[in-house]
2 protein chains.
Amino acid sequence: VNSPSFQVIDGGITAPRGFRAAGVACGIKGAGKLDLSLLVSDAPASAAGVFTTNLAKAAPVLLSQDHLRRSSGQGRAVVINSGCANACTGSEGRDHARLMAEFTSQAVGCDPLAVLVASTGVIGVKLDISKVQQGVASAASRLSPSGGADAARAIMTTDPFPKEAAIEASRNGRRFRIGGMAKGSGMIEPLMATMLGVVTTDAQVAPALLQRALKAAADDTFNAITVDGECSTNDCVFALANGASGVELTEDDWPLLVASLKAACEPLAIGIVRGGEGATKLVTVTVTGAASAEEARRTARAIANSPLVKTAVHGGDPNWGRLIAVAGRAGSSFALESAAVRIGPVTLFAEGTPHDDRAPEAAGYLQGNEIELEVDLGTGGSGRSRMWTCDLSAEYVRINAEYRT
Amino acid sequence: VNSPSFQVIDGGITAPRGFRAAGVACGIKGAGKLDLSLLVSDAPASAAGVFTTNLAKAAPVLLSQDHLRRSSGQGRAVVINSGCANACTGSEGRDHARLMAEFTSQAVGCDPLAVLVASTGVIGVKLDISKVQQGVASAASRLSPSGGADAARAIMTTDPFPKEAAIEASRNGRRFRIGGMAKGSGMIEPLMATMLGVVTTDAQVAPALLQRALKAAADDTFNAITVDGECSTNDCVFALANGASGVELTEDDWPLLVASLKAACEPLAIGIVRGGEGATKLVTVTVTGAASAEEARRTARAIANSPLVKTAVHGGDPNWGRLIAVAGRAGSSFALESAAVRIGPVTLFAEGTPHDDRAPEAAGYLQGNEIELEVDLGTGGSGRSRMWTCDLSAEYVRINAEYRT
């Protein structure tokens, strides 16, 4: 039994066989910008989704959850508009989400329940459903196995660049592909709603297995990033598995399936952080020595969201006292006398003793644009967790303080 | 039985009878800046304290907790240095905190256990204990019933102004005073540790009752403010009650005692927010319609700490969608269809319906510098909570991104 290999390949959601996509401009954003994305599997596919935990879920989130439940995880198409989140839009918004699925089912020739719907953009603004109708028709006529790139552009809001990734996994002669796209500046824009991701694979995976694997992969990728700790009304990640590779993955292939999905999702997730608003540095936060993985994650998240840590990284300040202070307040077990703090290769605090003389070396390291922060909580436990975040700049404030007009 | 009246009076910690204080420069900060504060009660007093919940507690925090326990809440003096937090300083730091208490006990002529100690400033830097020794001697020789103002200046770090408050409470002919001082920019500075408060009263209050009342008052004042959700290694609030007014407050006077303490603490707490780093607006967040007071507080805290809400307020953007999004993710019960959002007098969302046409009116309101935000969670419950915060400006980032030198 060989260990699996993952090769990065060109493309995104249409890199796996049997998927076509398109991205078109239907006028929601205006100025001819791409704003409607359509993905179709040639054959019926298993479908899965992970969704925002926000209680103010947008209409398309509620609809897609309902479709996955009622179809028992069978899907054919994903339709996404950008420029309007269709969130906090009342019963009219729910009608619009349902119509988006119906237009798509008619254009594609499938059951409406096999359509997953997402929206991203301004909250509280009515969706122009006639534009969506035209957009779906236009996109359906342009579906192509090379349409992934346009589809990835059509889901962008204020993202500085599109985010696509694809890999080919092989193990013991079995080969299959996973492709994906994502959007998000890693935060909620002025009245914008955040993160969307779509993952495709030409492996055959039963719906329940796909759902569990997507959740597991998302926990270590899309759910391990933060820009500012906000959780939007519209976040979702969809997966479609159509079996076109002829490779079937079963329960026995769980490690391979999860590792493959992670390999495709990680660059998408990191891409969201790199494109975070005002971000100038990618920051990897690692917490070790925690009493449990859950406690490690809680502290890693607190550090990754700390405005004091993020401004210090932005300013190149090797401010290890802030990391200690966040670790102490994060709600996880913490033993100061055996804790340690590292900024890149430089240990600034260990065994209760500051090494502030090393601060200049750490300050030099912080001039780079890929920063690693590591905190050992000193409990002697084996819990560890990793999260990605970005620095906090004055540009972030400028962007978010501007009145939407 | 008349209801109590609270009259604002001049002064701070020495406004109540029987207290003397001083603030001196002993060279920790340099440039002749006041950096050591001493408060002494002429008679033995009841003492109480509330402390940071951070697990990386600074040496003076641990010492003061120990003294309160071992003295059963008997106190005579409070000594505070600024410019050095004496946090993360190992066993030497613990020795230094103990020595601060001993120097003070010798200068004042009391048991070392009757001395409460606090430090604020840079984390991880050694305290110059010989400077503290000189400072304590100098302060002890200058103790005065009008020394409260100097004492309030001597605990400042980067605070833009000192924070003092005093009231005279009267009820049914009984009169007593409460005075206080506080420091804090409402956040942790670059390696600075945050909030300190000292409250004095000339009422006689038993230690256990004083402790409970201080906790209750702090929960609605010092613990109801935030600038960035950080909780430092050094936060503490002390209370001394010396009985010099001849008025004794007992368990029967609980409402009067707590209300009086709140009346003195609230302006100090609000002062910390007004002086928050980069702050240009004071923001009052009120959450109503929650399933419980605890859930209301959780959501109010999430809103008050949301960088998206704080940048929107800074920019004058009536961005009610962000308030909904935070309320939805705060972990409290939330019913979108019956929720409501108000910015000042303007209702922008109610009963599932946006009123975005009122955004210009709300934008006008946001030009002011005292802003009220209110979110009804729509559960029909009676839980409500209020918190104070400030806006998030580019100046905040600038201050916190600078390398400490």
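Thr311(A) is buried, its relative accessible area coming out at 0%. In this predicted model, the residue sits in helix α8 of chain A, which covers residues 307-315. Leaving aside residues up to four places away in sequence, Thr311(A) touches Arg322(A) and Leu392(A), along with Tyr396(B), Val397(B), Asn400(B) and Ala401(B).

Helix α11 of chain A (residues 394-401) packs against α8(B) at an angle of about 70°, and the two axes are 8 Å apart. That angle makes α11(A) roughly perpendicular to α8(B), and the crossing is right-handed. On the α11(A) side, the contact is made by Tyr396(A), Val397(A), Asn400(A) and Ala401(A), while α8(B) brings in Pro307(B), Leu308(B), Thr311(B), Ala312(B), His314(B) and Gly315(B). Sorted by class, the contact of α11(A) with α8(B) has six nonpolar and four polar residues, with no charged ones.

Helix α8(B), made of residues 307-315, also meets helix α9(B). Here the axes come within 9 Å and cross at roughly 160°, which means that α8(B) runs roughly antiparallel to α9(B). The crossing of α8(B) and α9(B) is left-handed. Leu308(B), Val309(B), Thr311(B) and Ala312(B) of α8(B) make this contact with Arg322(B), Leu323(B) and Val326(B) of α9(B). Five of the residues in the contact of α8(B) with α9(B) are nonpolar, one is polar and one is charged.

Helix α9(B) itself, spanning residues 320-329, is mostly covered, as nine of its ten residues are buried. The buried ones are Trp320(B), Gly321(B), Arg322(B), Leu323(B), Ile324(B), Ala325(B), Val326(B), Ala327(B) and Gly328(B). Just after α9(B) comes Gly331(B), with a positive phi of about 90°.

Another helix pair in chain B, α1(B) and α2(B), covers residues 59-70 and 90-108. These two pack at an angle of about 50°, their axes 8 Å apart, and are therefore oblique to each other. Their crossing is right-handed. Ala59(B), Pro60(B), Leu63(B) and His67(B) from α1(B) meet Gly93(B), Arg94(B), Ala97(B), Arg98(B) and Ala101(B) from α2(B). The residues of the contact of α1(B) with α2(B) split into five nonpolar, two polar and two charged.

In soluble globular proteins, nonpolar side chains tend to be buried together. The largest nonpolar core in this model holds 101 residues, and Phe222(A), Ile324(A) and Leu373(A) touch the most other members. Helix α6 of chain A (residues 254-274) gives the most to this core, with eleven residues. Not counting residues up to four places away in sequence, Phe222(A) touches Ala182(A), Met195(A), Val237(A), Cys265(A), Leu268(A), Ala269(A) and Ile272(A). Apart from this core lies another, of 100 residues, including Ala182(B), Cys265(B), Ile270(B) and Val283(B).

A few single residues round out the tour. Thr288(B) lies in strand β12 of chain B, residues 282-290, and counts as buried because its relative accessibility is 9%, under the 20% cut-off. With residues up to four places away in sequence set aside, Thr288(B) touches Glu374(B), Val375(B), Asp376(B), Leu377(B), Gly383(B) and Arg384(B). Ser130(B), for its part, is found in helix α3 of chain B (residues 129-141) and counts as partly exposed, at 39% relative accessibility. The C-alpha atoms of Ser130(B) and Val247(B) are separated by 41 Å, and the two residues are 117 residues apart along the chain.

Two loop residues have a positive phi without being glycine. Asn86(A) has a phi of about 45° and is in the loop between β4 (74-84) and α2 (90-108) of chain A. With 1% relative accessibility, Asn86(A) counts as buried. Ser72(B) has a phi near 55° and belongs to the loop between α1 and β4 (74-84) of chain B. Ser72(B) is exposed, its relative accessible area being 54%.

Technical notes:
Residues are numbered from 1 along each chain as its sequence is written. Chains are lettered from A and ligands numbered from 1 in the order in which they are written. This is a predicted model: local features need pLDDT of at least 70, side-chain atom pairs count only at pLDDT 80 or more; totals for chains, interfaces and linings use all residues. Side-chain values use heavy atoms; hydrogens and water are left out. Axes are lines fitted to C-alpha atoms, for helices over the stretch in contact, and angles run from 0 to 180 degrees between N-to-C directions. Helices (H or I, at least four residues) and strands (E, at least two) are DSSP runs, numbered from the N terminus. Angles under 35 degrees count as roughly parallel, over 145 as roughly antiparallel, 65 to 115 as roughly perpendicular and the rest as oblique. A crossing is left-handed if the near helix is turned anticlockwise from the far one by less than a right angle, and right-handed if clockwise. Contact means heavy atoms within 4.5 Å. Ala, Val, Leu, Ile, Met, Phe, Trp, Tyr, Cys and Pro count as nonpolar, Asp, Glu, Lys and Arg as charged, and the others, Gly among them, as polar. A nonpolar core is a set of buried Ala, Val, Leu, Ile, Met, Phe, Trp, Tyr and Cys residues joined through side-chain atoms within 4.5 Å. Buried means under 20% relative accessible area, exposed over 50%, partly exposed in between (1.4 Å probe, protein chains only).
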